[in-house]
Structures are given as C-alpha cells and as structure tokens.
Amino acid sequence: MNQHHSIRQSFAVSALLLAALFLLPLAVVAPFRPKLFAQEDPAEIPAEEPAPPLSSGQSDAGRLLRVLDGGTVTELDLGQYLVGVVRAEMPAAFELEALKAQAAAARTYTLYKLQTGGNHGETADICTDSTCCQAYISEERARANWGAEADAYEAKVEQAVQETDGQTILYGGVPILAVFHSSSAGLTRASGEVWVNDLPYLQAVSSPEPGEQIPNYYSRAEFSADDLRKKLLEAFPSADLTGDVSTWLRNPVTDRAGSVVTAEAGGLTVKGTQIRSALGLRSACFTWEAAEDGLTFYVTGYGHGVGLSQYGANEMAAEGADYREILTHYYTGVTVEPY
C-alpha cells in the first residue's frame, strides 16, 4: 500500500516538473507580447478619421439638395454643395473677396435653377457637370490638386461660403441667372449679344482684366482650308465656301471691346459666338488673317463674356473692393441680400 502511494507521488511530482518546463517560457514572453506581436493587433493602429463636412451657415444649412454626380445622387445642404462648386470654378489662390463673390454667384445660380425647374426632373435638383449646371470637385480631389497649400486653400474656400451665408443676387426681388466666365477683353457682353434673351441685369460693363497675369489670355488658333471648311459646314450647312479661303469669313461687326457680334460665314450672317463654338475658340473676341492655305485666329480672353469676370473680380478685390461691390458692378441693377 505504501509502495503504491510512493509511486503515485513520484508521478505527480514528475507531471508538475514537466508542466513548469513548458509553461515557464510562456510566462516570460507573455508580458512582452504586445511589443513582439503588435503588428497583429489592429487595435494598436489608430484609424485615420475623415475630415468633418463643412458646417454650413444657418441659411444654407436649411436647404437640402439632391446632387447628381455621374450616376449617383447625393444629398448635401446648400453650403456643402457650394464649397465643392467654388473649389472647382475659381482658383483658390484668388483674393478672399473674389471667392466670396463667386460663392454668392454660385448660390444665386443654384436657386435660379431650382426655381426654373432645372434639367433633371424628379431625379435631382442639380448636377456636377459644368456643361449643364456648375462644376464641382470633392475635397479629396481638390487637395490632391492643391498640394502643399491644401489646408490654407480649403479653409479660404469654406470661409468664402460661410461668410456669404444666404446672400443672393436679386433683381426685382428674385434670384438672377448669375452666369460667370473666366476673363473678358476689358468689357463684358450683354446676354442678348451671346444668347437669345437680353436680360436687364446682364449688360456690358467694363472689366479690369490683368491680361499679362492671366494664363492664355491671348491665344492663337490655326486652321487649314480643309479643316476650316469641315468645321464651318458642320455649323452652317448652307454656307458657300467656294473660292479663296480668305473670302469665307467677312464683314465682322464688333462691340467696343472687339468681340465679334456678327460676321458673314460663306455668305450667311451669323453670330460671333456661333463662329467661336464652331471653331472651338477661347472667346468671341477674335480677329483673323489669311495664312498659307488657311486662316489664323487671334483671340483675347476666355469664356462667353457675360456676367461676372472671375479675373476681373480678383483684380477688383486686390484693389480693395468687397464682394458686394464686385457683384453690383458686374450685374446691373441688382441687390445682394438674403433670399
């Protein structure tokens, strides 16, 4: 009996010694496990939190928009939408008061679209396609474009929207068609010279364009006779483009700044804006001269020339004008106030 008891004691002691032999290394490693194996523990890697969305002013925050971006409709308040528009439509390096003028113009254009039914029916209120509504860019894409200046530029754009909260350009108490363009030839254009309707608040006004500081303010476009014939006939199928190429365009009628109001294209009287569109010129302020087997065009400015000139607005801001002065200069007979 005592012999069996001794044997059992021997086995128990042996088992305890074996267990200690295997468990001792784990006891030594365990306190250092987080340092040794931290890469396996996701809790040790702090997650990068996305930037919070713009906190819109009280007026802009109260209007929600369904914004169509490609095939996706996103709901944003007016202020959040306008920040994306200003990022896309005006260089963030511009003066703050110019950016504020752009923000108020973009707000007004948006409200005008909403009042007139827009282009998207029940699908959305507005879109991010500049050929249909207004350009728009996300903060992520804008920051990638801005590089080292991203923080400063984003803060300035958001400030421009917040400090103009609700401010709208009104004519007769209602939002106007607040169109804008990059740069004019020192004089903006009346809407009736460019489009069908002549609106009282879209009239020709002087514009202080710093030409030498504007990229591609002066541009040149050359067309061979074959290329010119093809483009003009696509736009004006009944034009007579026989004879020497130097006779295909004649008798330009220009405004005070040199923009072509009308000209004869193959015997047809057409608007300068139609020639600009047919040939893809940067503006309707152009002249031309005969070149070897073709025509060469010399162009000033960029855009349709109606309403706010962005480079002109920046020049006014640099000279001390605030955004209200800028807007009431470029849009005739308007007020700037909450709507």
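## Aromatic pairs

Tyr311 counts as buried, at 16% relative accessibility, where buried means under 20% relative accessible area, exposed over 50% and partly exposed in between, with a 1.4 Å probe and protein chains only. The model is predicted, so local features need pLDDT of at least 70 and side-chain atom pairs count only at pLDDT 80 or more, whereas totals for chains, interfaces and linings use all residues. Residues are numbered from 1 along each chain as its sequence is written, and side-chain values use heavy atoms, with hydrogens and water left out.

Rings of Phe, Tyr and Trp (for Trp, its six-membered ring) pair if their centres lie within 6.5 Å, and planes under 30 degrees apart count as stacked, over 60 as edge-to-face and the rest as tilted. By this rule the count comes to 9 aromatic pairs. In one of them, the ring centres of Phe94 and Tyr311 are 5.0 Å apart with the planes at 75°, so the pair is edge-to-face. Phe94 lies in the loop between helix H4 (78–89) and helix H5 (96–115), and Tyr311 in helix H11 (residues 310–318), so this pair ties together parts that are 217 residues apart in sequence; helices here are DSSP runs (H or I, at least four residues) and strands likewise (E, at least two), numbered from the N terminus. Phe94 is also buried, with a relative accessible area of 7%.

The rings of Trp288 and Phe297 have their centres 6.2 Å apart and their planes at 40°, so that pair is tilted. Trp288 is buried at a relative accessible area of 19%, and Phe297 is buried at 0%.

## Helix H4

Helix H4 has 12 residues and reaches 16 Å from its first C-alpha to its last, close to the 16 Å expected at 1.5 Å a residue, the expected span being 1.5 Å times one less than the number of residues. H4 is mostly covered, since 10 of its 12 residues are buried, among them Leu78, Leu82, Val86 and Glu89.

Tyr81 lies in H4 and counts as buried at 0% relative accessibility. The C-alpha atoms of Tyr81 and Tyr136 are 8.0 Å apart in space, although the two residues are 55 apart in sequence.

## Pocket and cavity

On a 1 Å grid over the protein atoms alone, a cavity is a set of points where a 1.4 Å probe fits but cannot get out, and a pocket is an open set with protein on both sides within 12 Å along at least five of seven lines, while lining residues have an atom within 4 Å of a point. About 440 Å³ of space lies in the largest pocket, a volume being the space filled by probe spheres set on grid points that are joined across faces, edges and corners. This pocket is lined by 16 residues, and those closest to its centre are Glu89, Ser130, Cys133, Phe180 and His304. The lining has 6 nonpolar, 8 polar and 2 charged residues, where Ala, Val, Leu, Ile, Met, Phe, Trp, Tyr, Cys and Pro count as nonpolar, Asp, Glu, Lys and Arg as charged, and the others, Gly among them, as polar.

A search of the whole structure finds 1 cavity of 30 Å³ or more. The largest cavity holds about 80 Å³ of space, and of its 14 lining residues the closest to the centre are Ser184, Ala185, Ser259, Ser283 and Gly305. Its lining divides into 4 nonpolar, 9 polar and 1 charged.

## Single residues

Asn251, in strand S8 (residues 249–254), has a positive phi of about 50° although it is not a glycine. Asp293, in the loop between strand S11 (286–291) and strand S12 (294–300), has a positive phi near 55° and is exposed, with a relative accessible area of 51%.

Lys230, in helix H9 (residues 225–235), is exposed at 53% relative accessibility, and its C-alpha is separated by 9.8 Å from that of Ala278, 48 residues apart along the chain. Glu325, in helix H12 (residues 323–330), is partly exposed, with a relative accessible area of 44%.
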